[in-house]
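Colleague: I'd like to learn how to read a model like this one. Could you walk me through it?

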Amino acid sequence: MNYFSQAIAWIADPANASGPNGVWARSWEHLWYTILAVVLASVIAIPLGYLVGHTGRGRGLVVASSGAARALPTLGVVTLVGLVLGVGLIAPMVALVLLAVPSVLAGAYAGIEAIDPRTVDAARAMGMSEWQILTRVEMPLGLPLLIGGLRSATLQVVATATLAAYVGAGGLGRFLFLGLKTQDYPQMLAAALLVVVLALILEGVFEISERVTARRLHTH
Amino acid sequence: MKTRFAALVAAGVLALSACSSSNPLGSASPAASGSSSAAGSTTLVVGSQQYYSNEIIAELYAQALEHGGYTITRQYQIGQREVYLPELQGGKIDVFPEYSGNLLQYLDKNATAKTGDEVMAALPAALGSGLRPLTASPATDQDSYNVTKANADKYGLASIADLSKVGDSLKVCANSELAKRPYGPPGLKNDYGLNLEVIPVEDSGGPLTVKALKDGKCDTADIYSADPSIAANELVTLTDPKALILPQNVVPVVSAKVDEKAAAVIDKVSAALTTDELVGLNALSVNKQQSSSEIAKTWLTGKGLLG
C-alpha cells in the first residue's frame, strides 16, 4: 500500500473522525480560521482599496506596501507575534490576515480602476455625489475583481492556516505536524488532502458567486 | 469552468501519487561518499542533527579531529534520527553526536535499560556491526518537565509526581510528537497516574514554549535540560523518580573508519564536556548568536585541546 491509499484509509478510519481532535472538528476549526482571517482582512483592505481606487491617491504607497507584505515569511510572523502576544490563535491570525490583505486590497482598488473613466464621468455629470458614484457605480462594477481578490486570498489562507498548530492553536495543521514529527506520513498526507478538499470546496463557492455576479452585471 | 476544475483535481492527484511511493524526506543524498581515502590524510564525515546544540558538539569533534590531522567534511543539520541513522549505517557519515537513551530507545523498542550505565551497556549490540559508540560524555541533554517558579512555590512542586497537586487534567506545552513518545502522556499516565494533554508548540522547547509556560497556557513544558532558558527564566525542572525519561548522555557514534587515534581525540572532547559546559556553549548560541565554529574554537582553545 502506498502513502496515498494509506492516507485515504486514515481519513476514512472512524477512529480518526470524531471527538475534539477528530477530522471533523479540526476541519471545521480550519474552515473557521480561514473565514475569520479573510473577513478581518476584508474589514481592513476593502475600505482602504475603495479609497485608493476612488480617489486615485496613495496608489504607489499601497501597491508597494502590500507587495512587501506578500513577501513576509508567514512562519516568521507567527513566531514573532507569538513571542510578543503568546501562543494561541492570535499570533497565527495576525499572520493570516497579513497574508490575505494584499490580495483583497488589490482586488478592491483594481476593480474600481478597471472601470471605464467615461462611465464614472457620466455618473458625475448626472449629478451623483461622490458617495453615490462609489456605492452605485464603482462598487457594483468592481465586484468581479474584488471577488477574484477574495478568492486568491482565501486560497492562500486555507493552505497557510496549517501554521496555526505551530503555536498551540487547532486546525488541520495538528495532523500535519504530528504526522511530520512522528514519521506518520499517511497522517501528514491525509491532513494535506483535507486542506486540498477544503480549498476545492471554497473554490467552488467562489466560482458560483463569480458567475452569479457576472450574470447580474450583464442583465442590468 | 468544469474542465478547469477537473484539471485542477487531476493535477493534484498526479502530484500526490508522484510522491507517495517513497519517503518524501529521505531522498536527499549527501554529496560526500564514504570511499575517499585520498592522499595520506583520512577524510572523515562529521554529521549533526537539525538542532543547534547538536551542531555545536559536532563542530567540537570536527575541529579537534582537524587539529589531529584529519580532513573533515561537515554534514550538519540532517533532520531527525529517522533520516540520518540510515546514512550512518550506510557508511556515508563517520562521526555523529548522539544522545544515549533516545538512541537506544529508537534502535530497540523493547530496551529495558533505565540507568545511564545500563543504556551504555546495551548500545553496542543495538547499533550492530559497522557502528560503535565511543565513551559517553558526562554531559546530558534530555527532555525535562519544567514549571514556573511561582507555581512550584504555590503547589510545592519538586518531582513529576507532584503535578497531581495542580489538578486532574493538565496541559503540557511541547512539540506535538511528545503525545506519542514513551516519556510523554502515555508514560506519565502509566508511571505517575497523570492526565496530560499536549498543547503543541513546535519550537522544540524554544522561546515560544517558554513564553507559553510563563503565560500560563500550560501547566508544564518539555524543555531540553541543557537549554540555558531554564535558568534564565527561573524555571524549575521536576525530578523524575520513576526514571521515565532515559538518561541522555552525549555519546559520539562512529564508523569503522574512525581509528583508535581519532577515537582518542574525540574521547578527550567528551571527557571535558559536562552538562554545565554544554549549557554554557548553548547560551553562546542562543544569547550571543555566535556560530558553531566560533563557539567550538573558543571552547577547545580554552580547554587546551587545540594547543
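Modeller: We'll go from the whole chain to a helix, then a pocket and an annotated domain. Keep in mind that this is a predicted model.

Colleague: Which secondary structure elements make up chain A?

Modeller: Start by counting elements. Chain A has nine helices and zero strands, so its pattern along the sequence is simply α-α-α-α-α-α-α-α-α, going by DSSP runs. Its C-alpha atoms fill a box of roughly 70 × 40 × 25 Å along the principal axes, and 48% of its 220 residues count as buried.

Colleague: Where is the kink in H7(A)?

Modeller: At Leu143(A), shortly before the proline Pro144(A), with an angle of about 55°.

Colleague: Which residues lie nearest the centre of the second largest pocket?

Modeller: For a pocket, take the volume, then the lining. This one has about 530 Å³ and is lined by 19 residues, with Asn21(A), Arg26(A), Arg174(A), Leu178(A) and Ala179(B) nearest the centre. Helix H8 (173-181) of chain A and strand E7 (195-200) of chain B each supply at least two lining residues. By class, the lining has eight nonpolar, six polar and five charged residues.

Colleague: What does the UniProt annotation cover in chain B?

Modeller: An unreviewed UniProt entry marks residues 43-301 of chain B as "domain: ABC-type glycine betaine transport system substrate-binding". That stretch is 42% helix and 19% strand, with end C-alpha atoms 23 Å apart.

Terms used:
Residues numbered from 1 in each chain as written. Chains lettered and ligands numbered in written order. Predicted model: local features only at pLDDT ≥ 70, side-chain atom pairs only at ≥ 80, totals over all residues. Heavy atoms only, no water. UniProt positions renumbered as here; feature names shortened; annotations may be inferred. Helix = DSSP H or I, 4+ residues; strand = E, 2+ residues; numbered from the N terminus. Bend = angle between axes of the 7 residues up to and from the residue. 1 Å grid on protein atoms, 1.4 Å probe; cavity = no way out; pocket = protein on both sides within 12 Å on 5 of 7 lines; lining within 4 Å. Points joined across faces, edges and corners; volume = space filled by probe spheres on them. Nonpolar A, V, L, I, M, F, W, Y, C, P; charged D, E, K, R; others polar. Buried < 20%, exposed > 50% of the residue type's maximum accessible area, 1.4 Å probe, protein only.
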